[in-house]
Amino acid sequence: MHMANELLSVGVACGTVAIAAGGLALICRRASRVISSEKMALMGVMGAFVFAAQMINFQLPGMPGTSGHMVGAVLLAIILGPHAGAIVISSVVIVQCLIFQDGGLLALGCNIINIGLVPGYLGYFVYKSVTIGRFSNFRTYVAMMLASVIALEVGAVLVVIQAALSGVLLVPFSTFLVTMLGVSFMIGIVEGFATVAVLGYIQQVRPGMVGESLVGRVRLSRKAVLVTLGVFTIITAGGFSLLASNSPDALEWSYLERPDQPDFVPMVSNDNSTIAKADALQAKYSPLPDYSIRDAQPTKATGWTSFAGVIGAGLTMALVWLAGRIVRRREFAKA
Amino acid sequence: MHHAHIDRFAYQDSPVHRLDSRVKFLSVVIFSAVVLSLPVSSFSILACYAVGPFSILVLGRIPLRFAFKQVLLVSPFILVLALSCPFYDRNPVDTAFGPFVWEISAGWLRCFSILGKFIVTMLALIGLVSTTRFADLLGGLDKLAVPRLLIIQLGFLYRYIFVLIDRAHHILRARAGRKLRNLGFATELKTASSMLGSLFVRSLDTAENINIAMQARGFDGEWHGVRKLQFRWGDGVFVIVSIVYMLGLYFYSKGV
């Protein structure tokens, strides 16, 4: 569920980190007006509760030997309210990345969006729209199931879109999408059951908690919901850029090259040597030319170069290790 | 209760432990970005880039076996992705190493590239986390303009994870002591849900008690760290060395 660094290109990683950082900053600023210092302990402990809750597993039906466990994102959003819930889940994802190395550092932005922000807000929105203030048991449970499944499905779709936008996928886009949707559907069902069961139990022990948010009365304004859905739509629509063709874009078509007209003479030619040198410099040193990672074709000469590189790296590591040993021995002698 | 903390090596002392946490965090992020943007076919350059995290781990006195065990723990998803590459890309390419030239499919090249980059970036992250106390890391992130509310949340979360994991262990052991056979999905779910519910209610009570204790000691929403963050000359040396290292390797790889 947590993406590793290798599923992303640097451009997509930076973009999603920016989106996640901006989103979190906005949420923190809005929520800190409502969340007094009294609620901070509660939010911290709720985050720790999510960690502990993920250890409690139960046997899955029909699959002997496998057990499912609760993720808890939608539960938190329903109980704590959307803003505090989003902050708590994002903090859980950050700690999972930093302390438990679950998910890469550059993929942190994507993980925060896919697991924390989008499922939290979307799940809360679905839950609220289905219950619409009427809290009969059946209606609440249906709302929770629906919220869990939809939230996790959308998170999975975002993973696929981000991986495809990075150009890392070798399998066809639709294959990966269908696989992820299927897997996350099953996970969503399990999560929905667990959420329903836990909230049913809480309703017996502490009735009245499910109907209202604990941390202040933060109302999710209609505009905020529309903006969130709009951003999600843009991200989804960006996925359609994968169907983009390799033909030159409109500007290049007008003056540079037309693949369908082989006799076309380029209308622009620039003989300035400075420009040519600048172009050559940029082509040589840009990390992602033409939005792809370039491959070098190896020959026998590069074979020896790569040999030298690997041997050199190995020797350097051995030297560093030796130096570490010597320094350690000297420090022991000193103490 | 004794916990195998993931960051148990963070409380040792070494030159790397004494570095400023902001410097370490930013260098790991930039290093990961640079390693990720390497072209697929350059393994020698990847090996050269691997020297960086390796040095950090050695100088920081982190056992390498521990680091590789951590890498193994988080590798399943990446293994699936990497091992699917040879099935989908069967274009033959020529690879050369030393005097040997042989033909391999581009999918295998991609597979090893993904695995290599994964190991290198994971080792860098493990180096960061194992040489930095979490409180210092949070203080550094605070100075890097992360929202204060998030920092406080992370601080509390880290403090109480291990307390609640202990409670969850107790509950799990109680269940193991009372359960003799598989009881079917509905009963299992009900049991698990009551375990979760009781954990949740106890967490709420704990949070209330913590809040009252903090209010009684004058908590007003500000999180004060004990150690001050200072940018010392050791940090300057580290920054210069890592910039020279990464830039040097970058231009070397372009020149090759």
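Predicted model: local features only at pLDDT ≥ 70, side-chain atom pairs only at ≥ 80, totals over all residues.
1. Fold content. Chain B holds nine helices and two strands. Read from the N terminus, the order is α-α-α-α-β-β-α-α-α-α-α.

2. Overall dimensions. The radius of gyration of chain B is 24 Å. The globule rule gives 18 Å for 256 residues, so chain B is more spread out than a compact globule. The C-alpha trace spans about 70 × 55 × 30 Å along its principal axes.

3. Burial and contacts within the chain. Of the 256 residues in chain B, 53% count as buried. Take the contacts between residues at least 6 apart in sequence: 76% of them join residues at least 24 apart.

4. Surface and charge. Chain B has an accessible surface of about 12,800 Å². Carbon and sulfur atoms account for 65% of that surface. Among the side chains, 27 are positive and 15 negative. The centres of these two sets lie 6 Å apart.

5. Interface with chain A. On the chain B side, 95 residues are in contact; on the chain A side, 94. The size of an interface is often given as the accessible area lost when the parts come together. For chains B and A, the buried area is about 8,700 Å². Carbon and sulfur atoms give 79% of it.

6. Which three residues supply more of the area that chain B buries against chain A than any other three? They are Leu149(B), Leu196(B) and Phe200(B). Together they supply 8% of that area.

Notes. Residues numbered from 1 in each chain as written. Chains lettered and ligands numbered in written order. Heavy atoms only, no water. Helix = DSSP H or I, 4+ residues; strand = E, 2+ residues; numbered from the N terminus. Rg over C-alpha atoms; globule rule 2.2 N^0.38 Å. Buried < 20%, exposed > 50% of the residue type's maximum accessible area, 1.4 Å probe, protein only. Contact = heavy atoms within 4.5 Å. Areas by Shrake-Rupley, 256 points an atom, 1.4 Å probe, with all protein chains shown as cover. Lys, Arg positive; Asp, Glu negative; His and termini not counted. Charge placed at Lys NZ, Arg CZ, Asp CG, Glu CD. Buried area = accessible area lost by both parts, 1.4 Å probe.
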